Amino acid sequence: MTIGFHQKDFLLAVEGLTVSFDGFKAVNDLSFYVDENEIRVIIGPNGAGKTTVLDLICGKTEATSGSIRFRGQELTRMTENQIVEAGVGRKFQTPSIYDDLTVFENLEISYPRGRSVVGALAFRRDAAVRERVEAIAEMIFLKDRLDINADLLSHGQKQWLEIGMLLIQEPALLMLDEPVAGMSVSERIKTAELLKRIIKNHTVLVIEHDMKFVEDIAHKVTVLHQGQILSEGKMEKVKADPKVIEVYLGH
Amino acid sequence: MTDNPRFLSRGELLAMAVLALLLVVILPLALDIFRLNLVAKYLTYAFVAIGLVLCWGNGGILSLGQGVFFGLGGYCMAMFLKLEASSVENTKIQSTPGIPDFMDWNQLTALPFFWQPFHSLVFTIVAILVVPALFAFIIGAAMFKRRVGGVYFAIITQAVAAILTILIIGQQGYTGGINGITDLRTLKGWDIRTDGAKFILYFVEVVLLFGCILAAQFIRRSKLGRILVAMREKEDRVRFSGYNVANFKIFAFCAAAVFAAVGGAMFTLEVGFMSPSFVGIVPSIEMVIYTAVGGRLSIFGAIYGTLLVNWAKTSFSETFPELWLFGLGALFIAVVLAFPNGLAGIWRDHVQARLGRLLSRLRAGSTKTGWAARPGAGSVADGAAAE
C-alpha cells in the first residue's frame, strides 16, 4: 500500500482529513505530506480552513474523519498534551502569552520538564533552565526584558515571546499561525530574520498572508480554498497557477 | 529575579510576623475567653479562605461550594466526638444504649456501618483529610476532564452544596438532621467545653493555620503556582505547552478542599457541634465573600478579610440582625466593583505605595521627587522605550 510507504518517509502525513461543523465542511478530504526539515507555507483566502488545519493537527479540534500521522503516531487519537510531548508545537494567531507572569516565567513554563502535577511542585529553577531561557531570550530579542511582566511588551515582542515559548519546547514540528501579522515594519524585518534562523534546523508549517515573506522562506506552498487543496508545489509554480490567481493572488 | 523565587517576599514576611504577633500575643492577652473563642471560630473560616486564594485567586476556579468540604471535615470530627460522648453509661436511658442520641430518637437500633470506624481517632484524622480530598477529586475529575469551567463550575459546586445539605437534613437518623451533631463533650477523655481547653484549642488552631499558610505558600511559589496563574489567563496556551490542564485544576481544587476540611474539623472542636447550616449555599458564598473582601490574590489579605468580616458580622448582627445580610451583600458588590483585589489590593496600591514614596523622599531629601519608588513606574518606562 502506498499509505504505508508514505508513513515512513514523511514527518507529517495528513490523509483524507475532514472536519464538519454542523454539516459545513471546513476541511474536506485534505491530504498533504511534510518532509523532515521542510518549510511548508499554507496560504489561501479567508475562511479557506488554514487555521482549522493547524487546530486539527495539534488536537484543538477533533477530526470527523481521516488520519494525521506524525513520526508514525496517529495524532487524531491523542490528547493535546500528548501531541505536544510527541513533538508538535503550535503558535496561535493572536499572541497567547501569560500577561501576569514575567518574560522569564513565561519561557520557564514552556521548558519541557516537570509537566506533571508532582513534577511541577518539585521543579527547581536550576542552571540548565536558566541558561536555556537566557539563550532563547537572546534569540527572540528579549534578553533585557526577562524580569518585566509580559503585559508590558509591545505586540511584536509578545509574538516573539510566544515563538520563544515554542522554541524552548524543542518541537520536531513547529506550527506558526500568521507570525508577522499586526507587526510594525521594523518588527516584521526582525521577525523574518528570526524565523529564517529558526527554520534552519526545524520542520515548520506556517500560515502567512505576506507574499514577500512566503517567497522568502517557503520550500513548498500549499494553497487552500474552501477546505481543499487548490494547488501545491514550489512558489513559482503556484504563483503561475491560473486557479490560484483567480481565487487568491489576482486583483 | 531569575533565581528561584523567595519563599516569602519581604512584604509577606512582614504580614506573617504581624499576623503571628496578633494571633499569638495580642488577641490572647486582650480578649476574654469568650471573645477569644469567637476569634477561633472566625479563624476556622480562614482555612477555607486560604484554599480559595489558591484555587480561585491563583487558579481562577471559583467554587461556591467550599462549605461542602468545611462540612465534611467538621462532620468527620463530630462523628468521632459524638461516639465518644455516646458511651453506654452516658446513654443508658435510651432504648438502645451506646449509639448517638439522635439515632435512638429515629428508631435506629444499631450503629450504621459507616459510623463504626469513627471510634478511632487516627481514622478520624485521616478521614478529615482524605474524605474531602476524594470528594473534591471526584467532582473535579468529572468537571475538569470534560472542560467544564468558569460560571458553570461555580453553579455546579453550588448545586453540590445544596444536595449535600438536603441529604444531611433528610437522613436524620444517620446525620442528626437539621440540628446537626450536638452535645459533643470530650476528646479522648479531655473535656473540650472548659475555658482551659478552649484556650489550648485556640493555639492548636493557630499552629495549624500557619501550617496551612506555609503549605499554600509552598504551592504558590512552586512552578505549579505559576502554572495556575498561567491557566487562569490562557488555558489553551498551557494545554498546548504540554500540560494536562485538568490535572492541575483537580489538584488546586483538592488542596482547597483539604484546607477547608481542616477548618471544619477545628470548627467542630471550638464550637462543640456541627450542623448543615455550615454546609449549604449561604455559608459557602459567605466564605467566598470573606476571601474577596480580604483579597483573593493574597493569603494574608484573605485571612485578615475573614477576621474583619466575621467580626463585623458578630457586631452588626447583634444590633441589626435583619440588616446584616444586606450589609454583607453590599460589601461584596462594593469590593467587586471598586476594589477587585480587596483589602490586600488597597494596602498594596495605596498604603504601601505611599509609604514607599514617603520613605524614598525622606532618604533622597527634597531634591528628588520620589517617582522612582512608585512600583511599576520604572518598568512602564522600559516598556515604552522598547516600542
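**Entry 1: where the chains touch.** I looked up the contact and found 36 residues from chain A and 29 residues from chain B; two residues are in contact if their C-beta atoms, placed from the backbone, lie within 7 Å. On the side of chain A that touches chain B, the elements giving two or more residues are α3 (80-86), α4 (103-110), α5 (117-122) and α7 (155-167) of chain A. Here helices are DSSP runs of H or I with at least four residues, numbered from the N terminus. I sorted that side of chain A by class: 17 nonpolar, seven polar and twelve charged residues. Ala, Val, Leu, Ile, Met, Phe, Trp, Tyr, Cys and Pro count as nonpolar, Asp, Glu, Lys and Arg as charged, and the others, Gly among them, as polar.

**A note on the model.** This is a predicted model, where local features need pLDDT of at least 70 and side-chain atom pairs pLDDT 80 or more, while totals for chains, interfaces and linings use all residues. Residues are numbered from 1 along each chain as its sequence is written, and chains are lettered from A and ligands numbered from 1 in the order written.

**Entry 2: one residue.** Next I picked G71(B), which sits in helix α3 of chain B. Is G71(B) buried or exposed? G71(B) counts as buried because it has 32 C-beta neighbours inside 10 Å; the cut-offs within 10 Å are 20 or more other C-beta atoms for buried, 12 or fewer for exposed, and partly exposed in between. Leaving aside neighbours within four places in sequence, I found G71(B) in contact with L164(B), G264(B), F278(B) and V279(B).
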